Amino acid sequence: MSAEDQKRIAGEAAAQLVRAGMTVGLGTGSTAAWFVKALAARRLDVRGVPTSEATAALARELSIPVVDFDSVGRIDLTVDGADEIGPGLSLIKGGGAALLREKLVWEASDRCVVIADAAKQVVRLGAFALPVEVVAFGHKTTANRICDVLAELEFSQMPRLRTKDGAPVRTDGGNLIYDIACGSIPEPARLADALKSITGVVEHGLFLDLADLAIIGTPDGARQVEP
Ligand code: 5RP
């Protein structure tokens, strides 16, 4: 079974968790797009809080009412993809450069469900390069600070500015992304704290203690994993 089919199975299963009247956080990426499509197909009376301009455009195209994040108090349920799902549902996210808005929406949600194809499940985080969002002003200086912090934690890797077609990738908020090819992250919470302490770092892609449930698409159907 293709990864795309697994993503579709996970997205469709997650759409079944939505009830009429809910405010739903809409994730970003190819797996989250399957969820948004499956949710739209249910034609429930819900409102969506998108985590990116791309998801907002998809939701509008599919006639899911989109509301401003600041106009809702809490979000009932957020469904989103991930780049890696590790032990305890620790996650790496941000492959689609939406990690800041995603984390804001996740943290405002009563329940967060991560959906993915089976290849995303790993025994230890870090094979996927960890995205770190930084402000554009002084970003090379911030990258040097990130290097220092990585060295203190005994990582030898350098952060790499994410580019596309020769130009730096800009997030929806106008920031830049540095990717750190850690290889393996033995203590995700320690790295998360250290990165957050750097002025100029807006957010990182480690989502720890946030996911309540993972739904993994498999040839045998949707498999649920709890923390
Ligand atoms: C975007 C994300 C995505 O959820 C993550 O990159 C997974 O994407 P996909 O479902 O396309 O594999 O974190 O910032």
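How far is an oxygen atom of the ligand from a polar backbone atom of Thr 28? The distance is 2.9 Å. My notes on the rest follow.

1. Ground rules. This is a predicted model, with local features needing pLDDT of at least 70, side-chain atom pairs counting only at pLDDT 80 or more, and totals for chains, interfaces and linings using all residues. Residues are numbered from 1 along each chain as its sequence is written, and side-chain values use heavy atoms, with hydrogens and water left out.

2. Thr 28 itself. This residue is found in the loop between strand E1 (23–26) and helix H2; helices (H or I, at least four residues) and strands (E, at least two) are DSSP runs, numbered from the N terminus. At 15% relative accessibility, Thr 28 counts as buried. For the cut-offs, buried means under 20% relative accessible area, exposed over 50%, and partly exposed in between, with a 1.4 Å probe and protein chains only. The side chain of Thr 28 also has a partner, making a polar contact of 3.3 Å with the side chain of Thr 55. A polar contact here is a pair of N or O atoms within 3.5 Å; within protein, one must be able to donate a hydrogen and the other to accept it, and residues adjacent in sequence count only if both atoms are side-chain atoms.

3. Gly 81 places a backbone N or O atom 3.3 Å from an oxygen atom of the ligand. With Asp 83 it is a polar side-chain atom, 2.6 Å from an oxygen atom of the ligand. On its own the ligand has 380 Å² of accessible area, and the protein covers 91% of that; the areas come from the Shrake-Rupley method with a 1.4 Å probe, and for residues, only the protein chains shown count as cover.

4. Who makes up the shell? Helix H2 (30–42) and helix H4 are the elements that give two or more residues to the shell around the ligand. In total 18 residues surround the ligand, the closest being Ser 30, Thr 31, Asp 83, Gly 94 and Lys 120. A residue is near a molecule or strand if one of its heavy atoms lies within 4 Å of it. By type, the shell divides into four nonpolar, eight polar and six charged residues. Nonpolar covers Ala, Val, Leu, Ile, Met, Phe, Trp, Tyr, Cys and Pro; charged covers Asp, Glu, Lys and Arg; the others, Gly among them, are polar.

5. The aromatic pair. Rings of Phe, Tyr and Trp (its six-membered ring) pair if their centres lie within 6.5 Å, with planes under 30 degrees apart counted as stacked, over 60 as edge-to-face and the rest as tilted. By this rule the count comes to one aromatic pair. The rings of Trp 106 and Phe 207 have centres 5.2 Å apart and planes at 85°, so this pair is edge-to-face. Trp 106 lies in helix H4 (residues 99–107) and Phe 207 in strand E13 (residues 206–207), so the pair ties together parts that are 101 residues apart in sequence. Trp 106 is buried at a relative accessible area of 1%, and Phe 207 is buried at 0%.

6. Charges over rings. Lys 93 lies over the face of Phe 207, at 5.6 Å from the ring centre. The charged end of Lys 37 sits over the ring of Trp 34, 4.6 Å from its centre. The rule asks for NZ of Lys or CZ of Arg within 6 Å of the ring centre and within 35 degrees of the ring normal.

7. Backbone angles to look at. Arg 43 has a phi near 50°, a positive value in a residue other than glycine. Arg 43 sits in the loop between H2 and strand E2 (47–50), and is exposed at 76% relative accessibility. Ser 63 has a positive phi too, near 65°. Its place is in the loop between helix H3 (53–61) and strand E3 (75–80), and Ser 63 is exposed with a relative accessible area of 62%.

8. Asn 175, in the loop between strand E10 (167–168) and strand E11 (176–180), is buried with a relative accessible area of 12%. A polar contact of 2.9 Å joins the side chains of Asn 175 and Glu 133. Asp 80 lies in strand E3 and is buried at 0%.
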